[in-house]
Amino acid sequence: MAASILSHVVSDLCIGKPAVRVLPPSTPIAAALATLRAGADPFVFVDAAPPDAKKTAVLSVVKVSVAEILCYVCGDGGNLSDPAAALGRPVSVLTAVVGDHGVTRQVDPQTSLLDAIDALLANNSHSLVVPLHARARKKHHHVSAGYCVLTQQDIVRHLFGSISLFSPVAALSVSSLGLVRRDDVHAVHVDDDALDAIPLLRRSIGQGTAVAVVADDDALVGEICPGVLGSCDDVESVSAAFATLSAGDAMTYIDCYFSPPEFLLRSIRAELTGKGLHAMCDLMDAAYTTDVGALSSSSTSSDEECLPLAPARRARKMSSGSFRWRSTEDVAACHAESSLVAVMAQALAHRVGHVWVVDELSGALVGVVSCADVLAVLRDHLRPE
């Protein structure tokens with residue numbers, strides 16, 4: 001019944017995918033940020049192969065995005081006190097805390113789709129590295145020379161195109177399939193300090209989810225999502241926001257990132273000064289001064305008086321060709337009785353690896369469905385008898 005899918009290999013899913021970028025572990029974090037700002041992807045990769053594996057052709061990398069850098073800067077009080085020094089350290093300090101579960105490993109282009117799913121689930125990994133041109137493969141390896149990334153979401157999207165093959169499983173509720181995880185929900189109250197979300201954000205990155213933001217009675221009001229943070233490439237100002245604001249106000253800052261309101265910036269500056277984080281305040285001011293200078297150079301003299309305190313940033317285009325930013329309140333959510341196919345559609349529409357589960361009557365957060373668990377159910381359905 002699923003012979004067509006069983007015959008698929010990972011190279012079938014890599015058609016049209018761009019080559020990803022890799023950085024040596026000695027690259028300063030600030031340089032990695034510059035690469036993120038200049039590139040079309042919301043992440044870069046760092047070579048994670050041990051020294052004794054350098055002569056092999058098998059690639060092993062760790063994904064680094066704005067979210068990982070934010071967790072590093074905000075996760076240590078010393079880094080907040082001297083962010084310039086933190087950003088000057090090698091990017092290897094970010095990969096060191098990831099562990100084996102965060103490593104993205106290489107698979108052969110002719111690996112079957114089922115074996116690729118097994119590799120993802122067995123290693124608790126969110127993605128795989130696939131050589132784009134196997135015939136031109138050389139003994140040394142560089143991701144930028146011809147490797148692409150295949151994520152869990154890519155495979156779910158591919159399987160969704162043949163969803164009729166998964167009947168009747170696709171029509172069953174996520175609760176009946178045991179997909180609603182209640183113990184793995186990471187959530188903060190809207191009035192909690194945004195810094196309280198940082199350790200939860202680090203865990204959610206490892207699990208491919210996000211940090212839910214809830215109001216009273218656990219009503220879901222939004223999320224702090226690694227994918228959305230990927231559009232906020234000015235880590236200095238975002239770190240300042242997390243160091244001073246509540247979780248709810250941090251959501252507002254992220255939503256207004258491309259043109260933050262003056263009152264919010266003044267509040268951040270006042271809190272930074274009050275906490276003695278003068279270096280962070282100076283770094284934030286320097287970032288906005290650069291933006292003002294760039295904006296004023298293209299403005300007429302009559303416009304100079306009207307320059308905003310925080311000029312609107314320019315949205316980056318992602319490799320998909322479309323802008324990936326979305327509101328922190330625009331979350332993927334379902335009910336426990338929602339069907340598997342409906343949950344898959346929600347995740348794919350929001351380009352996330354999770355869907356929150358809320359109570360149908362109260363709107364309270366009760367659990368989360370992860371992309372990895374969805375893949376496991378689909379894999380069991382395809383397993384040859």
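**Setting up.** I am working with a predicted model, where local features need pLDDT of at least 70, side-chain atom pairs count only at pLDDT 80 or more, and totals for chains, interfaces and linings use all residues. Residues are numbered from 1 along each chain as its sequence is written, and side-chain values use heavy atoms, leaving out hydrogens and water.

**Salt bridges.** I looked for salt bridges (a side-chain nitrogen of Lys or Arg within 4 Å of a carboxyl oxygen of Asp or Glu) and found seven. One of them joins Asp154 and Lys17, at 3.0 Å from N to O. I saw that this pair links distant parts of the chain, 137 residues apart, with Asp154 in helix 8 (residues 152-160). Helices here are DSSP runs of H or I with at least four residues, and strands are E runs of at least two, numbered from the N terminus.

**Buried or exposed?** I checked Asp154 next: is Asp154 buried or exposed? Asp154 has 16% relative accessibility, so it counts as buried (buried is under 20% relative accessible area, exposed over 50%, partly exposed in between, with a 1.4 Å probe and protein chains only). Lys17 is partly exposed at 24%, and Arg157 is partly exposed at 39%.

**Another bridge.** Arg379 forms a salt bridge with Asp118, at 3.0 Å between the closest N and O atoms. They are 261 residues apart, in helix 16 and helix 7.
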